[in-house]
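Good morning, and thank you for coming. I would like to walk you through the side-chain interactions of one protein structure.

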Amino acid sequence: MNKNKWLIIIISLRLLISCNLVPCGWDYDLYRIHNKPTTKFLIGKYKPDERTRNYIKEYKNAELILEENGSLIFKNIPIRAFDFMNYYDETEKNVNAIGKWKVKSGSYTANLDVDLNFEKAYSKLDYSITWRIYEKEGKPVIFIILGDPDSCAVARFTKTK
């Protein structure tokens, strides 16, 4: 085989095994927010939606609170959401965190930039991440990708109050 045929085969194989070739569909029923949402729209208490509770059972008691002053409280979150080394650990280890949040508009959807500080001594490092913001039935939804994005694991937190 000549070099061009090998190149075509390699590119074809890469396309077949590449990331996100088949969309996960976790956001199929959510509305993308393109413009920066107001603080008033976002502040409040969030709980995992029914889909998250059904598919990712360790999130059933999780809670996220966004406060008007830019503070947040994250309760009963599995350590696996933040620590890749513990992602495949089957024991349930929940953690709590406090932190700060701010909103940014992205090209795809609005985002929530978050800086977390963990209450447990297991983590000496602060944790910074960006979560997507969607809307469903007039309520904001915080869309948190868990672990490797190719695993299609997502926690969706919907505002309850």
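I will speak about the nonpolar core, the aromatic pairs, the salt bridges and finally one threonine. Please keep in mind throughout that this is a predicted model.

Let us begin with the core. As background, nonpolar side chains tend to be buried together in soluble globular proteins. Here, the largest nonpolar core contains 36 residues. The residues with the most contacts inside this core are Leu64, Leu66, Phe74, Leu112, Ile142 and Phe157. Strands S3, S4, S5, S6, S7, S8 and S9 each contribute at least two residues to it. Strand S6 gives the most, namely five residues.

Setting aside neighbours within four places in sequence, Ile142 is in contact with residues including Leu64, Leu66, Leu112 and Phe157. Its contacts also include Tyr46, Trp131 and Arg156.

I turn now to the aromatic rings. A pair of such rings is described by the distance of the centres and the angle of the planes. How many aromatic pairs does the structure hold? There are four.

Next come the charged side chains. Side chains of opposite charge can pair when their charged atoms come close.

In the bridge between Asp29 and Arg156, the closest N and O atoms are 2.8 Å apart. Asp29 lies in the loop between helix H1 and strand S1, and Arg156 lies in strand S9, so the bridge ties together parts that are 127 residues apart in sequence. Are these two partners buried or exposed? Asp29 counts as partly exposed because its relative accessibility is 24%, whereas Arg156, at 1%, counts as buried.

In the bridge between Glu63 and Lys47, the closest N and O atoms are 3.3 Å apart. Glu63 is in strand S3 and Lys47 in strand S2, 16 residues apart. Glu63 is buried, with a relative accessible area of 11%, and Lys47 is partly exposed at 31%.

In the bridge between Lys104 and Asp113, the closest N and O atoms are 3.4 Å apart. Lys104 counts as partly exposed at 41% relative accessibility, while Asp113 is buried with a relative accessible area of 17%. Beyond individual bridges, shared partners join Asp29, Asp49, Lys136 and Arg156 into one network.

Finally, I would draw your attention to Thr109. Where is Thr109 placed? This residue is in the loop between strand S5 and strand S6. Thr109 is buried, with a relative accessible area of 2%. A polar atom of the Thr109 side chain lies 3.1 Å from the backbone oxygen of Ile33. The backbone oxygen of Ile133 lies 2.9 Å from a polar atom of that side chain. Not counting residues up to four places away in sequence, Thr109 touches Arg32, Ile33, Arg132 and Ile133.

Thank you for your attention.

Conventions
Residues are numbered from 1 along each chain as its sequence is written. This is a predicted model: local features need pLDDT of at least 70, side-chain atom pairs count only at pLDDT 80 or more; totals for chains, interfaces and linings use all residues. Side-chain values use heavy atoms; hydrogens and water are left out. Rings of Phe, Tyr and Trp (its six-membered ring) pair if their centres lie within 6.5 Å; planes under 30 degrees apart count as stacked, over 60 as edge-to-face and the rest as tilted. A salt bridge is a side-chain nitrogen of Lys or Arg within 4 Å of a carboxyl oxygen of Asp or Glu. Helices (H or I, at least four residues) and strands (E, at least two) are DSSP runs, numbered from the N terminus. Buried means under 20% relative accessible area, exposed over 50%, partly exposed in between (1.4 Å probe, protein chains only). A polar contact is a pair of N or O atoms within 3.5 Å; within protein, one must be able to donate a hydrogen and the other to accept it, and residues adjacent in sequence count only if both atoms are side-chain atoms. Contact means heavy atoms within 4.5 Å. A nonpolar core is a set of buried Ala, Val, Leu, Ile, Met, Phe, Trp, Tyr and Cys residues joined through side-chain atoms within 4.5 Å.
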